[in-house]
Amino acid sequence: MTNDRNHIDGRIRDAIRAGAQHPDASRLDALAVRIETAVKPELNGRRWKPRSTHWWEVAGGWANMLIPAGLTVILASAALLWAARPAAPAPANQSTSVVTLGAVRAPRTQPAIVEFAVDQIVGTPTESRPPRSDR
Amino acid sequence: MEAFRATGSQRQPVRLTLYDDSAASRERELIERARSGDREAFGELIRAHLGDAVRLAMRVVHDEHDAEDVAQDAFLLALRRLDTFDTRRAFRPWLLRIVVNRAIDFAESRRIRSAELLSPDARDASALPDAKAQHADLVAHVQRVLAGLPPRQRLVIQLSDIDGASISDIAELTGSAQATVRWHLHMGRRALRAALSPLFGENA
């Protein structure tokens with residue numbers, strides 16, 4: 001049975017090979033020209049439009065420029081903000097006030113020192129005041 | 001992938017060969033140029049693979065003119081899909097798979113099943129006067145039965161019998177699993193035996 005099957009298969013295989021069609025080589029050149037003409041519009045379209053790419057390819061292409069530029073912008077912004085920061089207001093006469101208050105609270109404070117301290121706090125020049133009369 | 005076995009000087013088998021490195025890099029270069037719209041590069045690709053494309057299409061559609069139309073469609077489709085092709089892989093199997101699919105679509109749309117299974121009259125072929133005429137008659141019958149098979153079965157049998165392709169070659173070419181190829185081969189041979197065994201005066 002198997003031998004019969006192999007025999008039949010062999011004869012069928014021979015018949016398939018004998019009847020196989022093969023392209024005429026002389027027609028292939030003409031066909032190639034025909035195909036080249038048919039694909040010409042598609043190729044022309046490819047010349048003028050950028051071919052579609054994946055987003056990561058686009059990002060990769062721009063990365064060489066965008067990363068240094070981004071870093072530069074960040075550093076420049078930070079430097080600008082640092083330079084333009086508002087100066088902290090100096091506590092006017094703070095130290096003088098502390099000294100003055102300390103002097104006023106001291107048990108043995110001379111009146112001249114107190115007067116000087118008050119002048120410093122209220123800003124009145126000592127020289128412009130009229131001399132005080134002792135009681 | 002192993003090259004298909006040659007079956008004669010005039011009759012070249014469909015090739016699914018490996019490339020050497022220089023040929024592969026040359027092909028990659030052509031593909032990149034074709035992607036940018038280079039006509040000369042795509043023309044070179046066409047001429048390199050056209051013979052195999054037509055030969056393969058003829059295995060399915062059984063008509064040279066139809067096969068040429070199929071090959072033309074396949075090249076156009078390949079160009080449109082060229083951006084999706086992975087250039088690390090071989091171009092020929094990718095292209096030929098497109099040809100196979102186009103040919104099968106064509107065959108199914110045309111319903112190329114013109115041949116009926118062997119008619120009872122064909123059993124009288126053994127009564128032909130000489131062996132040559134008998135053989136010619138057998139070939140004609142086989143071709144008719146073959147043409148009546150589903151396109152994929154027909155292709156698998158021909159790639160195996162005419163081109164000497166291995167199961168793995170056919171699987172790659174058709175984009176099918178090897179088990180599927182074996183199944184098509186088995187069913188195709190079975191159908192051929194069933195239709196033709198009366199001609200041999202034997203039961204399959």
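Trainee: How much area do chain A and chain B bury between them?
Mentor: About 4300 Å², with 58% of it on carbon and sulfur atoms. Keep in mind that this is a predicted model.

Trainee: Which residues of chain A lose the most area to chain B?
Mentor: Those are A:Ile16, A:His22 and A:Arg46, which together make up 15% of what that side buries.

Trainee: And how many residues are in contact across the two chains?
Mentor: On the chain A side there are 38, and they touch 53 residues of chain B.

Trainee: What about the polar side of things, how many salt bridges and polar contacts are there between the chains?
Mentor: There are 10 salt bridges between chain A and chain B. The count of residue pairs in polar contact there, both at pLDDT 80 or more, is 14.

Trainee: Which elements of chain A supply that side?
Mentor: Helices α1 and α2 (25-48) of chain A each give two or more residues to the side that touches chain B. The biggest giver is α2(A), with 17 residues.

Trainee: Switching to A:Asp9: where is it, and is it buried or exposed?
Mentor: A:Asp9 is in helix α1 (residues 2-19) of chain A. A:Asp9 is buried, because its relative accessible area is 10%, and the cut-off for buried is under 20%.

Trainee: What is A:Asp9 in contact with, leaving aside its neighbours within four places in sequence?
Mentor: B:Arg189 and B:Arg193, so both of those contacts are with chain B.

Trainee: Back to salt bridges. How many are there over all chains?
Mentor: The count is 23. One of them is inside chain A, where the side chains of A:Glu42 and A:Arg46 meet at 3.9 Å, N to O.

Trainee: How far apart are A:Glu42 and A:Arg46 along the helix?
Mentor: They are 4 residues apart in helix α2 of chain A, which means about one helical turn between them. A:Glu42 is partly exposed at 24% relative accessibility, while A:Arg46 is buried at 7%.

Trainee: Now chain B. What does B:Arg92 pair with?
Mentor: B:Asp52, in a salt bridge of 2.3 Å, N to O. The pair links distant parts of the chain: B:Arg92 is in helix α4 (residues 91-110) and B:Asp52 in helix α2 (residues 39-61), 40 residues apart.

Trainee: Are those two buried or exposed?
Mentor: B:Arg92 is buried, with a relative accessible area of 4%, and B:Asp52 is buried at 3%.

Trainee: And which residue does B:Asp163 form a salt bridge with?
Mentor: B:Arg59, with the closest N and O atoms 2.8 Å apart. B:Asp163 sits in the loop between α6 (151-161) and α7 (167-174) of chain B, and B:Arg59 is in helix α2 of chain B, so the pair ties together parts that are 104 residues apart in sequence. B:Asp163 is buried at 0% relative accessible area, and B:Arg59 is buried at 1%.

Trainee: Last one: which residues do salt bridges with shared partners join into one network?
Mentor: That network takes in A:Glu42, A:Arg46, B:Glu32, B:Arg35, B:Arg80 and B:Asp83.

Methods:
Residues are numbered from 1 along each chain as its sequence is written. Chains are lettered from A and ligands numbered from 1 in the order in which they are written. This is a predicted model: local features need pLDDT of at least 70, side-chain atom pairs count only at pLDDT 80 or more; totals for chains, interfaces and linings use all residues. Side-chain values use heavy atoms; hydrogens and water are left out. Buried means under 20% relative accessible area, exposed over 50%, partly exposed in between (1.4 Å probe, protein chains only). Contact means heavy atoms within 4.5 Å. Buried area is the accessible area (1.4 Å probe) that two parts lose on being put together, summed over both. A salt bridge is a side-chain nitrogen of Lys or Arg within 4 Å of a carboxyl oxygen of Asp or Glu. A polar contact is a pair of N or O atoms within 3.5 Å; within protein, one must be able to donate a hydrogen and the other to accept it, and residues adjacent in sequence count only if both atoms are side-chain atoms.
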